[in-house]
Amino acid sequence: MELRDYVRVLRRSWLLVLACAVLGGLLAAGMNWRADRIYAATVTMVVSSSDNGANAALAYQGGLLSQQRVKSYANLVASDRVAEAVVDQLKLGDSPSALRARIQAQAVPDTVLLRAVVRDADPRRAQSIADAVGETFSEAVARIERPAEDEPPTVRVSVWEHAKLPTTPVSPQPVRNIALGVLLGLLISIGAAFLRHRLDTSISSEEDAAGVTGLPNLAMINFDSSSGRQPLIIHSGPYTQRAESFRQLRTNLQFVDVDTAPRSILVSSSVSREGKTTTTCNLAITLAQGGARVCLVEGDLRRPSFGEYLGVESAAGLTSVLIGAADLDDVLQPWGEGRVGDGRVEVLPSGPIPPNPSELLGSRNMSDLIEVLCSRFDIVLIDAPPLLPVTDAAVLSTRVDGALLIARVGRTRREQLRRAADALRAVDARMIGTVLNMVPAKSQNASYYGRYESYAPRARHTRTTGANRIRIPAAPDRGLRPAGGGSAASGASVPAAPVAGSAQLPAQRAAPAPLVAPAMKRPAAGRQGTRQQQGTTGPGSNSPGVGPAGEGPAGSRPVGPAAGSDPSAGGSPGGRSGGAGAPAGSSGSVEWAAGQATEAGADSSAVEIAAQREPGDHTAPLAYGAGTSDRGSDRSTGR
């Protein structure tokens with residue numbers, strides 16, 4: 001492990017480290033609060049020789065004798081004989097052995113000083129015991145060092161300084177004990193963190209997934225606490241971290257293999273409850289928002305859940321088509337019209353649960369059905385059962401162009417993910433990559449740019465052009481636009497664009513409709529030529545063809561007067577094309593639209609700036625199958 005790995009382990013377990021440190025400090029503080037206060041009293045004694053010789057040699061010998069006696073006397077101060085004499089003198093209730101444990105002798109180095117320290121809970125009693133120890137020990141030494149009854153002792157011990165009354169306790173020491181408790185808690189928590197790291201076998205990062213499977217990780221889906229109640233991204237908003245994670249997955253799928261991009265993708269996981277079904281549904285929504293036509297197939301014939309997440313009827317579906325009980329067109333269910341942008345999502349539910357799912361999914365009819373779906377749609381997503389409990393996903397993976405493995409961070413084990421990848425390799429399936437699901441937002445694997453909401457469009461702002469003030473609402477997400485073309489940001493209800501050949505709107509209207517530039521839809525293959533042949537836009541047409549001189553530039557849709565407004569304002573009645581005199585460029589179109597709205601009598605004009613996309617733009621996302629003649633003809637039919 002490198003230094004950054006140690007730091008990562010500590011960052012991952014920072015809550016445990018903090019909790020143990022605080023707990024250690026609290027325990028030390030509690031022990032200090034419950035402990036008895038101990039006071040210490042010290043008495044100082046002097047060891048001297050009684051030989052008062054006239055010469056210096058005798059004095060020097062007496063000094064050496066005193067220093068030698070000090071070392072021996074330090075062990076005799078806290079003896080049973082001295083303790084018993086002190087107990088008898090002061091009439092203490094303690095035993096001599098208990099008193100002996102509270103007496104400590106200290107010999108000052110290179111001196112003849114001897115100190116006796118007595119500890120007790122009562123400061124006055126500690127003082128009295130210390131003085132009694134000094135006097136008792138002096139008398140005991142005098143009896144020991146006296147050679148005869150009528151002769152003076154060779155060495156004397158005198159009390160030099162009596163004990164003073166202690167005012168502050170010497171034990172406990174709160175600062176030192178609390179610091180030791182915090183340090184001990186830190187050491188225990190750090191050891192527990194590294195032990196947890198060694199014993200944890202779950203997937204926690206992209207490196208773990210890549211090291212186990214050998215596959216690239218295509219996206220990291222951030223965890224959202226509201227995903228349990230609102231599993232689909234169209235319910236949460238377009239600028240959340242979770243929605244942006246699926247856009248990243250969509251982009252990475254586009255560049256997995258530029259030459260042979262996968263048209264049919266199997267989504268599975270190692271075990272259940274890893275979020276594979278919600279990932280499949282949200283990926284289909286994101287692909288459709290990017291302009292692709294998606295077929296969502298429920299390949300989990302054991303525990304189908306599309307009815308719960310998408311609200312579709314599952315009485316007839318995939319199994320009905322495979323056994324020939326229903327036609328494909330009869331069981332395909334369109335979903336999310338008006339909510340998924342320019343693309344389209346059609347759902348093929350599971351149908352009746354069969355007794356032999358593996359045999360049905362591995363049949364020739366299933367392979368033919370996938371080919372038919374690939375010819376009709378840009379991409380086919382198949383939600384499959386987990387790989388380890390059953391073999392359905394491994395059988396079905398041989399019929400598709402690629403397989404995605406979903407792994408839940410903190411739950412999926414490395415061994416489980418390895419066995420799932422080996423199961424796909426055993427059948428020679430093409431594995432695209434892995435997707436890490438439910439990544440904690442505050443972990444080291446969270447989004448690098450932090451909160452994505454900071455990049456969301458501003459709610460509203462105004463722009464002054466001359467005497468007119470144009471209110472520009474926030475651009476709504478293409479996947480959240482309600483049916484009928486209404487603007488989700490402004491809240492105004494905008495009528496849908498009229499189709500070619502429909503009746504014109506009335507000439508007058510009670511109140512002029514707001515000028516809205518509808519988002520140009522990406523023309524499908526087979527229709528592009530027809531739209532380009534129309535040339536200019538006529539009444540009731542919504543094509544962005546090249547208009548006559550004075551109209552908006554080709555390839556963009558200028559903002560014109562509302563249907564039913566005065567024709568003299570610059571536009572044709574009922575038409576949505578730009579009127580004469582509209583300047584080129586988007587900003588000019590906005591200013592021209594404001595002027596026309598003022599002439600038409602509108603008090604305030606709400607102008608929606610919608611993203612435009614050229615038909616031949618190579619940056620258009622997920623242009624699956626572009627350039628294939630037979631599939632392009634199928635798209636022109638709407639299937």
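Me: Which residue stands opposite V435 in strand 12?

Reply: I406 does. A219 stands opposite V435 as well. Before we go on: this is a predicted model, where local features need pLDDT of at least 70 and side-chain atom pairs count only at pLDDT 80 or more, while totals for chains, interfaces and linings use all residues. Residues are numbered from 1 along each chain as its sequence is written, and side-chain values use heavy atoms, with hydrogens and water left out.

Me: What makes strand 5 and strand 12 a pair?

Reply: Strands are DSSP runs of E with at least two residues, helices are runs of H or I with at least four, and both are numbered from the N terminus. Two strands pair if DSSP finds at least two bridges between them. Strand 5 (residues 217-222) and strand 12 (residues 431-439) have four, so they count as a pair, and the sense is parallel. Strand 11 (residues 402-408) also pairs with strand 12 in the parallel sense, over six bridges. To get from strand 11 to strand 12, the chain goes through helix 17 (residues 414-426) in a right-handed β-α-β crossover.

Me: Why is S205 called buried?

Reply: S205 has a relative accessible area of 5%, and the limit is under 20%, so the word applies. You'll find S205 in the loop between helix 7 (174-199) and helix 8 (206-213).

Me: What makes R376 and D329 a salt bridge?

Reply: A salt bridge needs a side-chain nitrogen of Lys or Arg within 4 Å of a carboxyl oxygen of Asp or Glu. R376 and D329 are 2.5 Å apart, N to O, so they qualify. R376 sits in helix 15 (residues 364-376) and D329 in helix 13 (residues 328-331), so the pair ties together parts that are 47 residues apart in sequence. D329 has 34% relative accessibility, which counts as partly exposed.

Me: How do you know that E415 and R418 are about one helical turn apart?

Reply: They are three residues apart in helix 17, which means a separation of about one helical turn. E415 and R418 also form a salt bridge, with the closest N and O atoms 2.9 Å apart. Both are partly exposed: E415 has a relative accessible area of 44%, and R418 has 33%.

Me: How many salt bridges are there in the whole structure?

Reply: A search finds 18. One of them joins the side chains of R102 and D94 at 3.0 Å, N to O.

Definitions and conventions. Right-handed = clockwise from strand over helix to strand, strands pointing away. Buried < 20%, exposed > 50% of the residue type's maximum accessible area, 1.4 Å probe, protein only.
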